[in-house]
Amino acid sequence: MNSEFVYINEVGPRDGLQNQKTILDSEARLELINYLIDAKLPGIEVASFVNPKAVPAMEGAREIIKGLVHTKGCEISVLVPNMKGFEMAHEAGAEIITVVPSATETMNQKNINMGLEETIESSCNIIKSAKSSNLKTRAYVSVAWECPYEGKVEGSTVLNIANQLLSAGADEIILADTIGAANPASVGSLFKKCVEEFDHNILSGHFHDTRAMALANVCAALAEGIRKFDSCIGGLGGCPFAPGAAGNLATEDLANMLNQMGYETDVDLQKLSEIVGYCSDQLKAPLGGRMSAWLSKEK
Ligand code: HMG
Ligand code: MG
């Protein structure tokens, strides 16, 4: 048995809800976040400071940060697309800032209306500003395996971007499979290259489950020493600006697999299962993960 700790960063309130037909207001999102805190998730990405005209479902990020009172040791992070988003997040009191550069020119244009070079420069400036205010920083590299507009992405491109973000002071790099196009072989190979250059403790994986390979991709990353993963309650999720970006890996499926493999996660599976039911009621739709149906039968 393996008793190592694996850190699950829940991104449901942000990635999970940003593209749903039913929009939850900040009060409903706060209620969900508090349930997730009670389920003992070690980290939660709670909101994004983006233009509500571009992503109406994320309106009210400030209210969410201001409304979070008892975080019980859970690490609360927010996504920011540009310096204005960072300034708004900082003013609201956010303590962990996540920037979101993509590995290709077109994906950055479609997502945040900047080219690749400008995005990297802007992300590095945000990281430096956050550091000078003693904030923690995370940096995605989106479309790390494949871009919906430009196709396959070279590992060397991803490493180059990661190096620039780390040089600016990023505390963590999250390789994101935005459209669920990676497979265990390509995940293993990219993380192997990363681990040769960077400390495995600062690396994380964010897998969308479009082609049902997200859990297998986690196993491939675990084999390279990765011990941090993003996931979404109920397998919610998807980027509105990346065609084909279906739901993320479901948190309950990830936590269950890790527990059965002997890893520690701290997460309360039964509570997660109840939250899946809650989200499904709130969103008036069935959700994606597999474990909660099995867990409710077991009760
Ligand atoms: P822009 O139009 O280039 O911005 O949008 P601008 O600087 O030209 O300003 C235009 C207007 O937007 C102005 O307002 C600004 O004040 C406002 P107006 O004068 O018209 O009233 N503005 C903002 N408002 C709120 N927050 C801001 C902000 N910045 C400017 N931060 C912008 C650029 C980035 C804002 C826009 O493109 C945007 O909001 N994009 C949303 C991107 C997004 O949320 N994508 C999904 C998240 S990323 C993801 O899902 C991938 C991930 O899960 C990993 C993976 O799977 O790969 C993380
Ligand atoms: Mg995503």
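**View 1. The surroundings of ligand 1 comprise 27 residues.** Gln18, Asn111, Asn113, Ser142 and Thr178 are the closest of them; a residue counts here if one of its heavy atoms lies within 4 Å of the molecule. The structure is a predicted model, in which local features need pLDDT of at least 70, side-chain atom pairs count only at pLDDT 80 or more, and totals for chains, interfaces and linings use all residues. Residues are numbered from 1 along each chain as its sequence is written, chains are lettered from A and ligands numbered from 1 in the order in which they are written, and side-chain values use heavy atoms, leaving out hydrogens and water.

**View 2. Polar side-chain atoms approach oxygen atoms of ligand 1.** For Asn113 the distance is 2.7 Å, and for Gln18 it is 2.8 Å. In Asp15, a side-chain N or O atom lies 2.8 Å from an oxygen atom of the ligand. Ligand 1 taken alone exposes 1,100 Å², of which the protein buries 73% (Shrake-Rupley method, 1.4 Å probe).

**View 3. Helices contribute to the shell around ligand 1.** Helix 1 (12-16), helix 4 (83-92) and helix 5 (105-112) each supply at least two residues. Helix 4 gives the most, with 3 residues. Helices are DSSP runs (H or I, at least four residues), numbered from the N terminus.

**View 4. Three protein residues donate to the magnesium ion (ligand 2).** The donors are Asp15 (OD), His206 (NE2) and His208 (NE2), at 2.0 to 2.2 Å; donors are N, O and S atoms within 2.8 Å of the metal (3.2 Å for Na, K and Ca). Along the chain their spacing is D-x190-H-x1-H. Both His206 and His208 are buried (under 20% relative accessible area, 1.4 Å probe, protein chains only).

Definitions and conventions:
Buried means under 20% relative accessible area, exposed over 50%, partly exposed in between (1.4 Å probe, protein chains only). A polar contact is a pair of N or O atoms within 3.5 Å; within protein, one must be able to donate a hydrogen and the other to accept it, and residues adjacent in sequence count only if both atoms are side-chain atoms.
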